[in-house]
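Below are some notes for a colleague who has not seen this structure before. Please read them with the sequence and the model open.

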Amino acid sequence: MSQSALITGATSGFGAACARRFAAEGWRLMLCGRRQERLDELRAELATITPVHAFALDVRDEAAVNAAIAALPAEFAAIDLLVNNAGLALGLEPAQRCDMQDWEDMIDTNIKGLLYCTRAVLPGMVERNRGHIVNIGSVAGNYPYPGGNVYGGTKAFVKQFSLNLRTDLLGTKVRVTNVEPGMAETEFSLVRFKGDESKAGRIYDGAQPLAAADIADVVYWAATRPAHVNINRVEVMPVCQAFSPFAIHREA
Ligand code: NDP
Ligand code: 8X3
């Protein structure tokens, strides 16, 4: 039987691009996200080329995550690949002006949601001694930037959790990878700026950001290395993005 992948946050951006890429390569897909209409559209598009099980899921709801995994149809139940992609940034304000609810939502989604999905899927992988978890981290987890405060903190958690998972899984054939993208044009900025299209558009103005398909390429590559090879981390930026020197505040 072909390999199977569960992709969270498949309704747009990297998740949808991964769905299209893995479908094209003949993988069976389990796709989830909160927006049912988007899932219906994606299932209609991809079900002509591969078996697709799509279900609405809010990864912040631990009971719903466990129920969805327990209710997978038998032909999908042995998951080969979990792509923990669902996530978001909310706001770009300095910490002292941030909305606490935005912080809670990022922690609940990017950290706790990722943990719920991992914890629900991992025992089966260990039991089958086969499987791969690809987490979508970010350069924001590696480098600070103004306004990155809690978003970057959640992605630093994802990086360290990915590495720690590897240590727990030593002796099994279960693999773990953290993919750490830089600026990519998806709905990410629209979500970060709460639907403000002009603010979101300005992030990409005059630049050539990564496309979602570029990250799907990296996820597919990491997932298809020989079984004895574990890609621990992959950091990817567009050529138009690089690093700044330390900022120094000088008194006038
Ligand atoms: P998008 O906004 O295009 O996609 C985010 C996806 O996450 C959507 O499918 C959304 O689906 C899903 N999602 C958000 N919250 C939840 C939730 N509570 N439950 C289930 N699904 C949820 O952005 P990207 O594709 O860019 O983002 C994907 C991942 O990549 C995120 O983890 C993001 O942090 C990370 N990333 C993005 C970068 C970028 O520059 N674009 C760079 C580095 C990392 P729905 O709304 O239907 O629930
Ligand atoms: C998304 C990349 O640089 O906007 O994780 O934080 S960035």
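1. Leu 29 counts as buried, because its relative accessibility is 0% and the cut-off for buried is under 20%. The model is a predicted one. Leu 29 belongs to strand β2, which spans residues 28-33.

2. What is Leu 29 in contact with, leaving aside its neighbours within four places in sequence? The list includes Ala 5, Ile 7, Ala 19, Phe 22 and Ala 23. Also in contact with Leu 29 are Leu 46, Thr 50, Pro 51, Val 52, His 53 and Phe 76. As for Ile 136, it is 107 residues from Leu 29 in sequence, and the two C-alpha atoms are 18 Å apart in space.

3. Leu 29 is also one of the 35 residues of the largest nonpolar core. Ile 7, Phe 22, Leu 29, Leu 31 and Val 219 are the members that touch the most others. Helix α8 (residues 212-223) supplies the largest share of this core, 8 residues. In soluble globular proteins, nonpolar side chains tend to be buried together.

4. Phe 22 deserves a separate entry. Not counting residues up to four places away in sequence, Phe 22 touches Trp 27, Leu 29, Leu 81, Val 219, Tyr 220 and Ala 223.

5. Is Thr 177 buried or exposed? Thr 177 is buried, since its relative accessible area is 0%, and a value under 20% counts as buried. Thr 177 is located in strand β6, residues 174-181. With residues up to four places away in sequence not counted, Thr 177 touches His 132, Ile 133, Val 134 and Asn 135, as well as Ala 222, Ile 231, Asn 232 and Val 234.

6. Now the ligand. Ligand 1 is surrounded by 30 residues, of which Thr 11, Ser 12, Arg 34, Tyr 151 and Thr 186 are the closest. By class, this shell holds 12 nonpolar, 12 polar and 6 charged residues.

7. For Lys 155, an N or O atom in the side chain is 2.9 Å from a ligand oxygen atom. A polar backbone atom of Ala 184 is 3.0 Å from an oxygen atom of ligand 1.

8. On its own, ligand 1 has 880 Å² of accessible area, and the protein covers 96% of this. Elements that give two or more residues to the shell are α1 (13-24), α5 (149-169) and α6 (188-192).

How values were computed:
Residues numbered from 1 in each chain as written. Chains lettered and ligands numbered in written order. Predicted model: local features only at pLDDT ≥ 70, side-chain atom pairs only at ≥ 80, totals over all residues. Heavy atoms only, no water. Near = heavy atom within 4 Å. Polar contact = N/O pair within 3.5 Å; in protein donor to acceptor, adjacent residues only side chain to side chain. Areas by Shrake-Rupley, 256 points an atom, 1.4 Å probe, with all protein chains shown as cover. Helix = DSSP H or I, 4+ residues; strand = E, 2+ residues; numbered from the N terminus. Nonpolar A, V, L, I, M, F, W, Y, C, P; charged D, E, K, R; others polar. Core = buried A, V, L, I, M, F, W, Y, C linked by side-chain atoms within 4.5 Å. Buried < 20%, exposed > 50% of the residue type's maximum accessible area, 1.4 Å probe, protein only. Contact = heavy atoms within 4.5 Å.
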